[in-house]
Amino acid sequence: MRQQRADIYTRITAEIATAIENGAGEWRMPWNHDGSSIARPRNVISDKGYRGINVLALWVAARRSGYVDGTWGTYQQWSQLGCQVRKGEKATSVVFWKQMHRHQHADAAPSDADGTLCGEHEDQPRFLARGYCVFNARQVDGYAPPDLPSLPDSERIVRADGFFAALNIPIVTGGNEACYRPSIDTVFMPPFERFIDAASYYSCLGHETGHATGAKHRLDRDLTGRFGSAKYAMDEVIVELTSSFIMADLGIAHRPRAENAAYIASWIEILKDDPHAIFTAASKAQAAADWMHAQQSRQMLTSDRVDIDTIAVPLAQPDQAMHRSDLLREDNRANTHGGASHQGGRLHSRLAARR
Ligand SMILES: [Zn+2]
């Protein structure tokens, strides 16, 4: 049983690491997507979206095999619908977590891969990762995909604007660099028109607000204990995944980001050292995406709103802010390396920060 679980972690992690290595040359991570239906892997019977690591595993499989459909099901589920998985088709592994009673497998190693920490305490529930096999709609005969209505671009943009506004995360627009500054809990974004396109803007906004979800008063995402000095690289993976999940939900492409080669190298290293790392990242990204969705139904209170004009931004703050300027138009991008940008003389985006 334990061997089987180790296999599923190792197998899925190896697939993802390979996809990163294969895509790194063209700066494409396996979580970049075009916002189409394939970007929202769903189960054919329940019509529920897959979550966390399973989304990533299915994206990797779909890209590798060129599937242009995001519908998946087990062999039995396809049979149930009168469809037949074609002979010789290779299954894709996804995982689910089975809750164990305390007396069962009490020696099982803890896993937080499903967003539920199975802990050191005996009275906490334990979860056992189990692999199962699914097949894509393109691997079966007899399936007629339903005609899914898709929103026009303009409506997707309106929806995305509303989505991020409902997060109540303070956002200051201006300058040439995007970043999140934890010390003042504020996201800084260049103006919309400076981005290559709408997808680049929202991918970036999803990334920076993703960092903000980790704040103490939100999800309190502290990676120090588990990842030590690699925690910055880990938060980058987490928020890129968060942005990717949200973009998929909003039907907007998640744009490739010209990643720093050092980051990609460090991610692959983390993945190879720790077969649970990408599971944890996907789990935390799913938690951040869930948090963002949960804010959508929350009534926006006037007292919660922040007047961005009242925020004074300290200069050259040594902060854990995160830049991203690679999605900006060329003419603007040139400015970002100059270091300073101003908005009414109050914004200064030269940060002693990581990239
Ligand atoms: Zn970042």
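1. In strand β9, F188 is the bridge partner of C179. The coordinates are those of a predicted model, and the remarks below should be read accordingly. Strand β8, residues 179-181, pairs with β9 in the antiparallel sense, and three bridges connect the two.

2. T173, in turn, stands opposite M189 in β9. Strand β7 covers residues 171-173 and runs parallel to β9, the two being joined by three bridges.

3. These pairings belong to an open sheet of three strands, in the order β7-β9-β8 and with mixed pairing. From one strand to the next, the twist averages 25°.

4. Which way do the residues of β9 point, and are they buried or exposed? Strand β9 spans residues 186-189; T186 and F188 point one way, V187 and M189 point the other way, and all are buried. F188, the partner of C179, is therefore buried by the criterion that 20 or more other C-beta atoms lie within 10 Å of its own.

5. The hairpin of β8 and β9 deserves a separate remark. Four residues lie between its strands, and D185 takes a positive phi near 45°. Helix α5, residues 198-213, lies across β8 and β9 and runs at about 160° to β9.

6. Because 17 of its 20 residues are buried, α7 is largely enclosed by the rest of the structure. The residue that follows α7 is G251, which has a positive phi, near 70°.

7. Two packed helices are described by the angle between their axes and the distance between the axes. The axes of α7 and helix α8, residues 261-273, cross at roughly 95° and come within 10 Å. That angle makes α7 roughly perpendicular to α8. On the α7 side the contact is made by A233, M234, E236 and V237, and on the α8 side by Y263, S266, W267 and I270. By type, the residues of this contact divide into six nonpolar, one polar and one charged.

8. Q80 is placed in helix α3, residues 75-80. Is Q80 buried or exposed? With 12 C-beta neighbours inside 10 Å, Q80 counts as exposed. Q80 and I45 are separated by 35 residues in sequence, and their C-alpha atoms are 8.9 Å apart in space.

9. Finally, some totals for the chain. There are ten helices and nine strands. Of the 355 residues, 38% count as buried. Among contacts in the chain with a separation of 6 or more, 79% are between residues 24 or more positions apart.

Conventions
Residues are numbered from 1 along each chain as its sequence is written. This is a predicted model: local features need pLDDT of at least 70, side-chain atom pairs count only at pLDDT 80 or more; totals for chains, interfaces and linings use all residues. Two strands pair if DSSP finds at least two bridges between them. Two residues are in contact if their C-beta atoms, placed from the backbone, lie within 7 Å. Axes are lines fitted to C-alpha atoms, for helices over the stretch in contact, and angles run from 0 to 180 degrees between N-to-C directions. Angles under 35 degrees count as roughly parallel, over 145 as roughly antiparallel, 65 to 115 as roughly perpendicular and the rest as oblique. Ala, Val, Leu, Ile, Met, Phe, Trp, Tyr, Cys and Pro count as nonpolar, Asp, Glu, Lys and Arg as charged, and the others, Gly among them, as polar.
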